[in-house]
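Me: Hi! Could you walk me through the sheet and the salt bridges in this one?

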Amino acid sequence: MLSLASFLVSFLLILFSQFSISSYAATFEIRNDCPYTVWAAASPGGGRRLDPGQGWNLWVAPGTAMARIWGRTNCNFDGSGRGHCQTGDCGGVLECRGWGVPPNTLAEYALNQFGNMDFIDISLVDGFNIPMDFSPTSGGCRGIRCTADINGQCPNELRTPGGCHNPCTVFKTNEFCCTNGQGTCGPTYFSRFFKDRCPDAYSYPQDDPTSTFTCPGGTNYRVVFCPRGSPRNFPLEMVGSDMSEK
(Lines give C-alpha, C1' and ligand atoms only; values in the text may rest on other atoms or scores of the structure.)
Protein backbone atom coordinates (compact mmCIF):
# COMPACT_ATOMS: atom_id res chain seq x y z
CA MET A 1 0.00 0.00 0.00
CA LEU A 2 2.90 2.33 0.79
CA SER A 3 4.33 1.88 -2.70
CA LEU A 4 0.93 2.61 -4.26
CA ALA A 5 0.62 5.74 -2.12
CA SER A 6 4.10 6.84 -3.20
CA PHE A 7 3.19 6.21 -6.85
CA LEU A 8 0.01 8.27 -6.51
CA VAL A 9 1.90 11.13 -4.87
CA SER A 10 4.53 11.06 -7.62
CA PHE A 11 1.85 10.94 -10.33
CA LEU A 12 -0.01 13.89 -8.81
CA LEU A 13 3.21 15.89 -8.53
CA ILE A 14 3.99 15.26 -12.22
CA LEU A 15 0.42 16.14 -13.20
CA PHE A 16 0.52 19.30 -11.12
CA SER A 17 3.88 20.21 -12.64
CA GLN A 18 2.54 19.82 -16.18
CA PHE A 19 -0.57 21.83 -15.31
CA SER A 20 1.54 24.58 -13.76
CA ILE A 21 3.77 24.87 -16.82
CA SER A 22 0.83 25.12 -19.20
CA SER A 23 -0.92 27.66 -16.99
CA TYR A 24 1.81 30.29 -17.21
CA ALA A 25 1.43 33.18 -19.62
CA ALA A 26 4.31 33.64 -22.05
CA THR A 27 6.25 36.89 -22.04
CA PHE A 28 7.30 38.36 -25.39
CA GLU A 29 10.00 41.03 -25.29
CA ILE A 30 9.67 43.01 -28.52
CA ARG A 31 12.66 45.24 -29.30
CA ASN A 32 13.53 47.65 -32.09
CA ASP A 33 17.22 47.59 -33.00
CA CYS A 34 16.60 49.30 -36.35
CA PRO A 35 18.05 52.80 -36.93
CA TYR A 36 14.52 53.99 -37.68
CA THR A 37 11.16 53.92 -35.90
CA VAL A 38 9.13 50.72 -36.08
CA TRP A 39 5.50 50.57 -35.02
CA ALA A 40 5.31 47.11 -33.48
CA ALA A 41 2.06 45.20 -33.88
CA ALA A 42 0.72 42.06 -32.22
CA SER A 43 -2.40 39.93 -32.53
CA PRO A 44 -3.32 39.53 -29.74
CA GLY A 45 -1.73 42.53 -28.08
CA GLY A 46 -2.37 45.72 -30.05
CA GLY A 47 0.48 47.99 -31.07
CA ARG A 48 3.22 50.36 -29.90
CA ARG A 49 5.56 52.92 -31.41
CA LEU A 50 9.16 51.82 -30.86
CA ASP A 51 11.92 54.31 -31.57
CA PRO A 52 15.44 52.90 -32.06
CA GLY A 53 16.51 50.98 -28.94
CA GLN A 54 13.03 50.88 -27.39
CA GLY A 55 11.17 47.75 -26.30
CA TRP A 56 7.69 46.52 -25.41
CA ASN A 57 6.86 43.60 -23.11
CA LEU A 58 3.76 41.63 -24.04
CA TRP A 59 2.07 38.96 -21.89
CA VAL A 60 0.11 36.31 -23.79
CA ALA A 61 -2.35 33.86 -22.23
CA PRO A 62 -1.55 30.13 -22.25
CA GLY A 63 -3.15 28.20 -25.10
CA THR A 64 -3.17 31.18 -27.46
CA ALA A 65 -2.97 30.06 -31.11
CA MET A 66 -2.86 31.65 -34.58
CA ALA A 67 -0.98 34.60 -33.05
CA ARG A 68 1.53 36.87 -34.72
CA ILE A 69 3.90 39.80 -34.13
CA TRP A 70 5.14 42.11 -36.88
CA GLY A 71 6.57 45.54 -37.50
CA ARG A 72 5.01 48.45 -39.38
CA THR A 73 7.03 51.12 -41.16
CA ASN A 74 6.60 54.74 -42.19
CA CYS A 75 3.49 55.30 -40.09
CA ASN A 76 1.69 58.50 -39.24
CA PHE A 77 -0.98 58.52 -36.51
CA ASP A 78 -2.98 61.35 -35.02
CA GLY A 79 -3.67 61.90 -31.33
CA SER A 80 -6.55 59.42 -31.37
CA GLY A 81 -4.34 56.64 -32.76
CA ARG A 82 -5.76 56.70 -36.27
CA GLY A 83 -3.62 56.96 -39.39
CA HIS A 84 -1.78 54.77 -41.87
CA CYS A 85 1.43 52.75 -42.32
CA GLN A 86 3.30 52.10 -45.54
CA THR A 87 3.84 48.43 -44.63
CA GLY A 88 2.02 46.19 -42.15
CA ASP A 89 -0.94 48.54 -41.68
CA CYS A 90 -3.75 47.05 -39.57
CA GLY A 91 -6.94 48.90 -40.37
CA GLY A 92 -5.45 52.37 -39.95
CA VAL A 93 -5.10 52.20 -36.15
CA LEU A 94 -2.12 52.22 -33.78
CA GLU A 95 -3.65 49.54 -31.53
CA CYS A 96 -4.11 46.65 -33.94
CA ARG A 97 -7.27 44.58 -33.63
CA GLY A 98 -6.60 42.44 -36.69
CA TRP A 99 -3.78 41.27 -38.94
CA GLY A 100 -1.50 43.47 -41.00
CA VAL A 101 -1.56 44.17 -44.72
CA PRO A 102 1.30 42.57 -46.73
CA PRO A 103 4.18 42.91 -47.03
CA ASN A 104 5.18 42.23 -43.44
CA THR A 105 7.69 39.85 -41.89
CA LEU A 106 5.79 37.73 -39.34
CA ALA A 107 6.70 36.03 -36.07
CA GLU A 108 3.93 33.44 -35.64
CA TYR A 109 3.22 31.23 -32.64
CA ALA A 110 0.79 28.88 -30.92
CA LEU A 111 1.28 28.23 -27.19
CA ASN A 112 0.78 25.00 -25.20
CA GLN A 113 -0.35 22.84 -28.08
CA PHE A 114 0.08 19.05 -28.53
CA GLY A 115 2.32 17.66 -25.78
CA ASN A 116 2.33 21.12 -24.11
CA MET A 117 4.71 22.36 -26.81
CA ASP A 118 4.83 25.85 -28.31
CA PHE A 119 5.02 26.07 -32.10
CA ILE A 120 6.90 29.06 -33.53
CA ASP A 121 7.93 30.26 -36.99
CA ILE A 122 9.00 33.26 -39.03
CA SER A 123 6.84 33.58 -42.11
CA LEU A 124 7.49 35.37 -45.39
CA VAL A 125 4.19 34.12 -46.82
CA ASP A 126 2.95 37.70 -46.37
CA GLY A 127 6.17 39.09 -47.83
CA PHE A 128 9.03 40.92 -46.09
CA ASN A 129 9.52 44.40 -44.71
CA ILE A 130 11.91 44.23 -41.70
CA PRO A 131 14.71 41.79 -40.72
CA MET A 132 13.70 39.76 -37.64
CA ASP A 133 14.99 37.45 -34.93
CA PHE A 134 12.53 35.28 -32.96
CA SER A 135 14.21 33.42 -30.10
CA PRO A 136 13.56 31.93 -26.66
CA THR A 137 15.03 33.88 -23.75
CA SER A 138 16.08 30.64 -22.04
CA GLY A 139 17.42 27.25 -23.11
CA GLY A 140 15.47 24.25 -24.34
CA CYS A 141 15.03 25.20 -27.99
CA ARG A 142 16.68 27.18 -30.77
CA GLY A 143 15.97 30.63 -32.08
CA ILE A 144 15.13 31.48 -35.69
CA ARG A 145 15.91 34.53 -37.81
CA CYS A 146 15.59 36.19 -41.18
CA THR A 147 18.23 38.88 -41.63
CA ALA A 148 19.00 38.94 -45.36
CA ASP A 149 18.76 42.08 -47.49
CA ILE A 150 15.52 40.91 -49.08
CA ASN A 151 14.24 44.42 -49.77
CA GLY A 152 17.43 45.32 -51.62
CA GLN A 153 17.51 42.07 -53.63
CA CYS A 154 13.75 41.69 -54.19
CA PRO A 155 12.74 40.51 -57.70
CA ASN A 156 11.28 43.32 -59.77
CA GLU A 157 7.89 41.60 -59.98
CA LEU A 158 7.57 41.65 -56.18
CA ARG A 159 8.96 45.09 -55.39
CA THR A 160 6.68 47.49 -53.53
CA PRO A 161 7.33 50.67 -51.52
CA GLY A 162 8.89 49.74 -48.19
CA GLY A 163 9.11 45.99 -48.74
CA CYS A 164 9.09 42.87 -50.90
CA HIS A 165 5.72 41.28 -51.70
CA ASN A 166 4.99 37.58 -51.63
CA PRO A 167 3.97 36.23 -55.07
CA CYS A 168 0.46 35.27 -53.89
CA THR A 169 -0.39 38.92 -53.29
CA VAL A 170 0.87 39.83 -56.77
CA PHE A 171 -0.33 36.92 -58.94
CA LYS A 172 -3.24 35.46 -56.88
CA THR A 173 -2.97 31.93 -58.35
CA ASN A 174 -2.94 28.52 -56.70
CA GLU A 175 0.69 28.04 -57.78
CA PHE A 176 1.68 30.71 -55.28
CA CYS A 177 -1.28 30.82 -52.85
CA CYS A 178 -1.98 27.06 -52.39
CA THR A 179 -5.69 27.84 -52.27
CA ASN A 180 -6.68 24.41 -53.65
CA GLY A 181 -5.45 22.57 -50.56
CA GLN A 182 -2.61 20.39 -49.36
CA GLY A 183 -0.34 19.02 -52.07
CA THR A 184 -1.60 21.32 -54.83
CA CYS A 185 1.42 23.63 -54.82
CA GLY A 186 5.16 23.47 -54.27
CA PRO A 187 8.35 25.54 -54.32
CA THR A 188 8.65 28.12 -57.08
CA TYR A 189 11.32 30.47 -58.35
CA PHE A 190 10.00 33.14 -56.00
CA SER A 191 9.77 30.90 -52.92
CA ARG A 192 13.35 29.75 -53.53
CA PHE A 193 14.42 33.41 -53.57
CA PHE A 194 13.11 33.76 -50.00
CA LYS A 195 14.27 30.31 -48.82
CA ASP A 196 17.82 30.73 -50.09
CA ARG A 197 18.18 33.92 -48.07
CA CYS A 198 16.20 32.91 -44.97
CA PRO A 199 16.33 29.09 -44.59
CA ASP A 200 14.47 29.21 -41.23
CA ALA A 201 11.45 31.04 -42.65
CA TYR A 202 8.28 29.95 -44.41
CA SER A 203 8.74 30.73 -48.10
CA TYR A 204 5.30 29.56 -49.31
CA PRO A 205 2.13 28.36 -47.49
CA GLN A 206 3.01 24.63 -47.47
CA ASP A 207 6.67 25.01 -46.46
CA ASP A 208 5.98 23.36 -43.07
CA PRO A 209 8.71 20.66 -42.81
CA THR A 210 11.64 23.12 -42.71
CA SER A 211 9.92 26.12 -41.17
CA THR A 212 8.02 25.12 -37.99
CA PHE A 213 9.94 24.88 -34.71
CA THR A 214 8.95 23.82 -31.19
CA CYS A 215 9.77 24.96 -27.67
CA PRO A 216 8.55 23.64 -24.31
CA GLY A 217 5.36 25.21 -22.96
CA GLY A 218 6.18 27.97 -20.50
CA THR A 219 9.02 29.38 -22.63
CA ASN A 220 9.40 33.15 -22.91
CA TYR A 221 10.49 34.81 -26.15
CA ARG A 222 12.21 37.81 -27.70
CA VAL A 223 11.33 39.33 -31.09
CA VAL A 224 13.97 41.75 -32.40
CA PHE A 225 13.58 43.98 -35.43
CA CYS A 226 16.90 44.49 -37.29
CA PRO A 227 18.94 42.14 -35.08
CA ARG A 228 22.72 42.22 -35.16
CA GLY A 229 24.02 41.01 -38.52
CA SER A 230 21.06 42.28 -40.55
CA PRO A 231 21.04 45.22 -42.99
CA ARG A 232 20.60 48.33 -40.85
CA ASN A 233 20.09 50.86 -43.63
CA PHE A 234 16.93 52.92 -43.87
CA PRO A 235 14.44 51.67 -46.46
CA LEU A 236 14.84 53.96 -49.48
CA GLU A 237 11.28 55.22 -49.15
CA MET A 238 12.05 56.52 -45.64
CA VAL A 239 15.01 58.69 -46.49
CA GLY A 240 13.92 62.29 -46.18
CA SER A 241 10.38 61.35 -45.19
CA ASP A 242 8.57 62.36 -42.03
CA MET A 243 8.43 59.27 -39.85
CA SER A 244 7.17 61.02 -36.74
CA GLU A 245 3.90 60.21 -35.10
CA LYS A 246 1.67 63.25 -35.03
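**Salt bridges and the sheet**

Me: Let's begin with D33: what does its relative accessibility make it count as?
Reply: D33 has 22% relative accessibility, so it counts as partly exposed. Buried means under 20% relative accessible area and exposed over 50%, with partly exposed in between (1.4 Å probe, protein chains only).

Me: Before I go on, what kind of model is this?
Reply: This is a predicted model, where local features need pLDDT of at least 70, side-chain atom pairs count only at pLDDT 80 or more, and totals for chains, interfaces and linings use all residues. Residues are numbered from 1 along each chain as its sequence is written, and side-chain values use heavy atoms, with hydrogens and water left out.

Me: Thanks! Which residue forms a salt bridge with D33?
Reply: R31 does, with the closest N and O atoms 3.2 Å apart. A salt bridge here is a side-chain nitrogen of Lys or Arg within 4 Å of a carboxyl oxygen of Asp or Glu. R31 is partly exposed, at 25% relative accessibility.

Me: What about R68, buried or exposed?
Reply: R68 is buried, and D126 is buried too. Their side chains meet in a salt bridge at 3.5 Å, N to O. R68 lies in strand β5 (residues 67-77) and D126 in the loop between β8 (117-123) and β9, so the pair ties together parts 58 residues apart in sequence. Strands (E, at least two residues) are DSSP runs, numbered from the N terminus.

Me: OK, new topic. What's the strand order in the open sheet?
Reply: Its five strands run β4-β1-β14-β9-β10, with mixed pairing. Two strands pair if DSSP finds at least two bridges between them.

Me: Which strands stand at the edges?
Reply: β4 (55-60) and β10 (144-146) do; each has a single partner strand, so one side of each is left without a neighbour in the sheet.

Me: How do β9 and β14 run?
Reply: They are antiparallel, with five bridges joining β9 (residues 132-136) to β14 (residues 221-225). F134 stands opposite V223 in β14.

Me: Which residue does R145 form a salt bridge with?
Reply: D133, with the closest N and O atoms 3.0 Å apart. R145 lies in strand β10 and D133 in strand β9, so the pair ties together parts 12 residues apart in sequence. R145 is partly exposed at 32% relative accessibility, whereas D133 is buried at 12%.

Key. Helix = DSSP H or I, 4+ residues; strand = E, 2+ residues; numbered from the N terminus.
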